[in-house]
Amino acid sequence: MSYCQIGNLQIMRALEMIMPFGRQAFFPQTTESDWAPHRHWLEPQALDPVTDELQFPMQSYVVHTSHHTILIDSCVGNDKERPNRSSWHMKTDDAYMRALAALGIAPEDIDFVMCTHLHTDHIGWNTRLEDGRWVPTFPNARYIFSEREMAAWRDVGHEKFSRVPYEDSVLPIVEAGRAELVTNDYAVDDEVWLESTPGHTPDHVAISLASNGASAVMCGDILHSPVQCLHPEWVPWPDWDAELAKRTRRAFLERYCDTDTLVCTAHFPLPSAGRVVRAGDAFRFEYDQRSW
Ligand SMILES: [Zn+2]
């Protein structure tokens with residue numbers, strides 16, 4: 001079992017799958033010439049040179065704090081109807097549960113599940129199918145959801161997105177009495193708290209961690225690809241509010257640039273975590289060199 005130590009905290013990753021996404025489908029406003037200067041450093045991990053597709057890990061972070069075991073973002077899940085993505089649709093593999101087991105984690109061990117936002121690849125394992133019903137996968141956990149984020153998916157929906165993931169992966173948690181609806185300044189304790197980072201979704205949050213003067217931040221989908229450090233203005237198609245997301249992305253990069261804070265991304269190539277450094281009037285991502 002490998003982990004990254006931040007003060008008293010141990011951060012681990014549980015990988016469910018690596019998922020390919022079409023480059024220009026994901027960043028629809030980009031052109032071939034936008035990508036040309038970046039191919040040499042994006043390939044092969046972030047951009048597959050054979051298929052020419054972006055490669056996004058789908059993974060959870062698991063954090064042992066001084067007091068709790070916390071799971072952050074719960075990936076894609078099994079048995080979920082996701083007809084637009086064949087490798088997510090009604091899948092039944094045990095990769096995710098095996099990845100957790102390899103970390104020494106049983107579902108009962110998780111005290112908190114926290115979601116940076118409520119997109120389908122960050123909430124899927126919140127629930128699992130049991131006798132035709134969705135039940136909490138982590139039976140002892142309190143699930144921390146932004147109330148505003150939840151209301152957006154419950155009440156409005158969005159033309160780009162289906163309401164189904166909310167119905168199979170969020171609502172059953174509320175009905176089971178395991179959800180804690182919070183504001184985006186919520187703190188679990190002095191080691192774990194939320195940071196408001198809206199735009200990708202209405203109330204997207206980053207999750208900040210600190211212990212003994214060391215710090216890390218889980219950035220969810222503020223960023224999808226390391227190329228966005230150099231081009232924070234590139235808009236991925238799922239961004240809810242593109243202009244707000246752009247401002248949030250740049251402000252986030254500026255805030256953590258040239259600091260010791262370990263930035264743990266959801267979808268950058270493994271190990272997915274590193275530090276933001278300045279590069280001209282933009283940024284660069286330096287991967288954490290520890291093997292974890
Ligand atoms: Zn995502």
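Trainee: Which strands form the open sheet, and in what order?

Mentor: The order is β10-β11-β12-β13-β14-β15-β16, seven strands with mixed pairing. Strands here are DSSP runs of E, at least two residues, and helices are runs of H or I, at least four, numbered from the N terminus. One caveat: this is a predicted model, where local features need pLDDT of at least 70 and side-chain atom pairs 80 or more, while totals for chains, interfaces and linings use all residues. Residues count from 1 along each chain as its sequence is written, and side-chain values use heavy atoms, without hydrogens and water.

Trainee: What makes β10 and β16 edge strands?

Mentor: Each of them, β10 (187-189) and β16 (282-287), pairs on one side only. Pairing takes at least two DSSP bridges between two strands. Strand β15 (residues 273-279) has six bridges to β16, and the two run antiparallel.

Trainee: Which residues are the protein donors of the zinc ion?

Mentor: Asp121 (OD), His122 (NE2), Asp221 (OD) and His267 (NE2), at 2.1 to 2.3 Å. Donors are N, O and S atoms within 2.8 Å of the metal (3.2 Å for Na, K and Ca); water isn't among the atoms, so sites may look incomplete.

Trainee: Why is the arrangement called irregular?

Mentor: The angles span 88 to 155°.

Trainee: How do you know whether His122 is buried or exposed?

Mentor: Buried means under 20% relative accessible area, exposed over 50%, partly exposed in between (1.4 Å probe, protein chains only). His122 has 1%, so it counts as buried, and Asp221 is buried at 2%.

Conventions: Tetrahedral: all angles 85-135°; square planar, octahedral: opposite > 155°, others 65-115°.
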